[in-house]
2 protein chains.
Amino acid sequence: MADIEAASTDVNLWVQQFSDSLASGNIVNVCEMFAEHGAWRDVLALTWTIKTFENRGGIAAMLESTLRSTLPHDFAVEAEPGACEGWLLFKTQQGSCKGYVRLDGSGKALTVFTALQDLEEHQTKTGKQRPTGLYDDLDEGTWLDRKQAEQNSLGTDSQPYVLIVGGGQGGLALGARLKVQGVPTLIVDRHAKSGDEWRSRYNSLTLHDPVWYDHMPYVPFPDNWPIYTPKDKLGDFLEAYAMIMELNIWNSTEFVSAAHDENSGEWDVIVERDGKAIHLHPAHVVMAVGNAGFPRKPNFTGKDIFQGDQVHSSEYTSGEGRQGQQVVVIGANNSAHDICADLVENGAKPVMIQRSSTLVLKGETNSKMARALYSEEAVEQGLTTERADFLNASLPLRMAEHAQKEAWAQIAISDAEFYQKLADAGFQLDFGEDGTGLFMKYLRTASGYYIDVGASEMVADGRIGLRSQVEIEQLTENGVLLSDGEELPADMIVFATGFGSMEEWVKRLISLSVAEKIGPCWGYGSGAAGDPGPWEGELRNMWKPTAQDGLWFHGGNLQQSRFYSHYLALQLKARYENVEFAVYDSN
Amino acid sequence: MADIEAASTDVNLWVQQFSDSLASGNIVNVCEMFAEHGAWRDVLALTWTIKTFENRGGIAAMLESTLRSTLPHDFAVEAEPGACEGWLLFKTQQGSCKGYVRLDGSGKALTVFTALQDLEEHQTKTGKQRPTGLYDDLDEGTWLDRKQAEQNSLGTDSQPYVLIVGGGQGGLALGARLKVQGVPTLIVDRHAKSGDEWRSRYNSLTLHDPVWYDHMPYVPFPDNWPIYTPKDKLGDFLEAYAMIMELNIWNSTEFVSAAHDENSGEWDVIVERDGKAIHLHPAHVVMAVGNAGFPRKPNFTGKDIFQGDQVHSSEYTSGEGRQGQQVVVIGANNSAHDICADLVENGAKPVMIQRSSTLVLKGETNSKMARALYSEEAVEQGLTTERADFLNASLPLRMAEHAQKEAWAQIAISDAEFYQKLADAGFQLDFGEDGTGLFMKYLRTASGYYIDVGASEMVADGRIGLRSQVEIEQLTENGVLLSDGEELPADMIVFATGFGSMEEWVKRLISLSVAEKIGPCWGYGSGAAGDPGPWEGELRNMWKPTAQDGLWFHGGNLQQSRFYSHYLALQLKARYENVEFAVYDSN
């Protein structure tokens, strides 16, 4: 037997005691097993929402409220003997759960992450639970007959339980999860074909995250897939994905409006399909429209005088035919960089107008940061995408901020030469206002950065012109007048000025009052510019119940869309099946 | 240290000695390491063909001829200490290889299986070798530009190195392998869309093998896929697959003729596309047209007199609208059973005419037989599809016959009740003429069996009528006259009488002389009816060099198509890259 000192940092023993304390309802004991700054992040397992508790008081209050209705039991650990961190399996009244625990040097929990994985009474029909594919009752016809009948009736003779607005990667991933869960779902999307949202972007666009980070649920990219996916290739994949997963999609369909009926608990949604207004009555509406829905185009003086072309980055496709032309690109984030590089490749002369500082990260450094969880090496070491996602989610945001700050201090050193070249070219750099870097910036405002896949070199060597620390005074007949008095000639102006946020969709498509009731989406209350406090510690309104019954938000990059679609689908499935549960609300 | 007795059955030590003997060119020693009835099956590693050597003489002759040009080296074993079987890794002059070895009780090799896995100088671009997706030279355009340019030029401005005839699962799997290998390939298929070959079959068709056996290369079915795939669902998957793998396919294209030019080493192939004859000049033509190309429709007396409908099983779609009708189905194999069941479901009255005995296997027994290699349990135990396929291929056919004979003796006992019910209904059963069962029958003639997914119950209880041990005397105005004098009334006759074989394609599309030079395809010379000797021990002409330069055959079920497409693609890649190697020919 190990001695007591050694035993106390063994996660196997910790889980045993944790399990006993929960079973006996000894909340004081449970809380004392956490370090002073230890945190418990829960995704549905106890709280039926997504929430992080950062002190013993918060944990105690949560347990007081949730323990009796969830009754966690049947704990098991997957960890080496003596290990100070490891995997957790347990059950609640409602389902099977998974967790991950990290202990500090004194054997107290630094982080506990728990998540509902499946419902007990309504198990996911995959693996051993998959259907046979044979039908006892052929009166309802073959697989094809049934599929066609479902497609023909859904939205007319029968109502979807869930309506997903937007058929990009988010809508498709959630649609696939709900298909597997057997929840009647309809996706509406304004594009003619699945994948068109990506296809319609500028030609040179590729994903800036590496392939291992980007898999869709159920159908991972094949092993020959490139590290950085070209946008049209992603478009084709998503179209094939929708076919393989048998998703019900209405394409070329506009979401017009939605009103919630408190009495029936149903929405009255109006969509326009083939020029006809159609009423839909889903119990749940999921906004999966992304952050790139409403192009933000500043209202510059002189916009009616300028004689050349003016396009928003979302309308830009290619610099083909622009050889020798002067192009002013307003903005200095991802799109601005990609578009400038595309213009250079096509022989045009772009000038980038940088109005505020930008976080730049070398693509290979980005891949290197993700390597422990998302890489060929990780795959070889048996770290499945599912496990990587779980570990990735197990670190609460406050701790992630600390860890990122340290990582970025290292990047400043290791990539110093790269950054010096950009600074020498006059490029204004930042690592976030508190030095916490790209990923926190992404979670705070989803803007203000460029992951370099080639354009920074062009900025450094002058192929992409640069004006920084200036504002646009006005547009003139033949160009742009800057705040420092310089007038830049321009044949074309590209507004790489970003997009409106998700709550703007709610304002425009549902109502101002619902938008106000819900408050902002995205951001976690970091206090940074664009992400005001109070501290939330979780993304606001994303993938969890909102203040509006039956209204949900889904989105983010491919990794988030993959991971959280699982939990959003479980929440909708539990409601569809009338599972008894209580959402914990600490406010 | 283990004592000498124990050590001698340790595969780790065996491989060490094997490796030493090969390195020193001591062929006598190598041969003495095999049991008297031990066999060595090689797929490309040494022989650059597919061949099984069943005695020391054969092995010695093969090594005499191949050892100097392949130089196997760098052997490693993956086996528990003391284990009597295990995995083998080694290299040759041309590439990296894998193997599997089983020892008998005296430490001699019972089976050695070796296979080339990848070329040394031209490694497969997957995993760590995958492309970045970024292009240094944007002059050639984006991914989409390049893809479209390739599609537009292939077959007109540029020639495919490989032409695949047939875009079913075989053609698509091989096309995907060649795409990943970077070998310019064009697939021609007479259907309008990928997957249509499956879609055009009768409505109630599902795959009779379970999902774990049926995955396509690179893009496995998702985890919610049914155990038995409905044919239209497979059609949709194949269409999506072609899109994901970026295959170059000419649909609605007929293969008209092909002639080989010995001087140029190229084919002159004529295809008809959009009504126009187009000449193609590939170096290699792969026939992937399957066994179901030429419907075999017997020429019965009276076929012009019969007043009702006459269709071949390949033309049958559904029994819809046939309620109350008498339908005579000639044949008693898979299609006949499925069609009769479909007729029953639609209220018709089918009578099955069994002219010769049939092997019937319960679907669940079939799945049970595959369970050790292809099942959810196998997956959970870490047996990847790739490993399962490799183990499956590691047993030479003569040993497989012995093993199957024992297994079928067991099935006769365990499923006795099932078989008795069929026999009581007058159904003529067999387990193959030598009792070796379904899989050997499949490899011998690819006919003569039914994997039961429901119709046998209907035969047993009379819902499907049955006449057996009779022949068709002639068709009459209103029915069928049997050889026993009975006249069966019929509104419709279905000929479930099978299909012509692969070599028939060669006769019709290339020439009689090429067909004669090549000889029969499929079958392994078992001596059974339809598969005459001499014994070959491998499927004739399949996936390996044939007597006609540049002509190859690919086909089989989804498992074979998946596994052997890898090796066929490697052979074509080696030729494309001018790798030096010698095909071993023992004849």
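## Basis of the description

Helices (H or I, at least four residues) and strands (E, at least two) are DSSP runs, numbered from the N terminus. Under this scheme Lys108(A) falls in the loop between β5 (95–103) and β6 (109–119) of chain A.

The structure is a predicted model, in which local features need pLDDT of at least 70 and side-chain atom pairs count only at pLDDT 80 or more, while totals for chains, interfaces and linings use all residues. Residues are numbered from 1 along each chain as its sequence is written, chains are lettered from A and ligands numbered from 1 in the order in which they are written, and side-chain values use heavy atoms, with hydrogens and water left out.

## Relation of the two chains

With copies superposed by least squares on the C-alpha atoms of residues with pLDDT of at least 70 in both, chain B can be laid on chain A with an RMSD of 0.0 Å by a turn of 180° and a shift of 0.0 Å along the axis. The two copies are thus related as by a two-fold rotation axis. In chain B, the C-alpha nearest the axis belongs to Ala240(B), at 2.3 Å from it. Where contact means heavy atoms within 4.5 Å, the same surface serves both copies, since 100% of the contact residues of chain B recur in chain A.

Burial is expressed here by relative accessible area, with buried meaning under 20%, exposed over 50% and partly exposed in between (1.4 Å probe, protein chains only). Lys108(A) is partly exposed, because its relative accessible area is 30%. Leaving aside neighbours within four places in sequence, Lys108(A) is in contact with Trp14(A), Glu32(A), Met33(A), Phe34(A), Ala35(A), Arg102(A) and Leu103(A). Between Lys108(A) and Pro81(A), 27 residues apart in sequence, the C-alpha to C-alpha distance is 17 Å.

## Buried residues of chain A

Gln548(A) lies in the loop between α18 (512–518) and β24 (551–553) of chain A and counts as buried, at 3% relative accessibility. A polar contact (a pair of N or O atoms within 3.5 Å; within protein, one must be able to donate a hydrogen and the other to accept it, and residues adjacent in sequence count only if both atoms are side-chain atoms) of 3.4 Å joins the side chains of Gln548(A) and His260(A). Not counting residues up to four places away in sequence, Gln548(A) touches His260(A), Glu262(A), Trp267(A), Val514(A), Lys517(A) and Ile518(A).

Arg562(A), found in helix α19 (residues 558–576) of chain A, is likewise buried, with a relative accessible area of 4%. Its side chain reaches the backbone oxygen of His215(A) at 2.8 Å, and beyond its neighbours within four places in sequence Arg562(A) is in contact with residues including Arg177(A), Tyr213(A), Asp214(A), Tyr374(A) and Asp389(A). Gly500(A), in the loop between β23 (492–495) and α17 (502–509) of chain A, is buried with a relative accessible area of 5%.

## Cavities

On a 1 Å grid over the protein atoms alone, a cavity is a set of points where a 1.4 Å probe fits but cannot get out, and lining residues have an atom within 4 Å of a point; grid points are joined across faces, edges and corners, and a volume is the space filled by probe spheres set on the points. The structure holds five cavities of 30 Å³ or more. The largest, with a volume of about 60 Å³, is lined by 14 residues, of which Gly167(B), Gly168(B), Asp189(B), Ser194(B) and Gly195(B) lie nearest its centre. Helix α7 (residues 196–199) of chain B gives the largest share of this lining, three residues.

The second largest cavity holds about 50 Å³ of space, and among the residues that line it are Trp212(A), His215(A), Leu373(A), Tyr374(A) and Thr385(A).

## Backbone features

Most residues other than glycine have a negative phi, and most peptide bonds are trans. The peptide bond from Gly533(A) to Pro534(A) is cis, with omega near 5°, and Pro534(A) is found in the loop between α18 and β24 of chain A. In chain B, the bond from Gly533(B) to Pro534(B) is cis, with omega near 5°.

Asn578(A), in the segment after α19 of chain A, has a positive phi near 55° and is exposed, with a relative accessible area of 66%. Gln469(B) has a positive phi near 55°, lies in the loop between β19 (465–468) and β20 (472–475) of chain B, and is exposed, with a relative accessible area of 63%.

Key: On a 1 Å grid over the protein atoms alone, a cavity is a set of points where a 1.4 Å probe fits but cannot get out, and a pocket is an open set with protein on both sides within 12 Å along at least five of seven lines; lining residues have an atom within 4 Å of a point.
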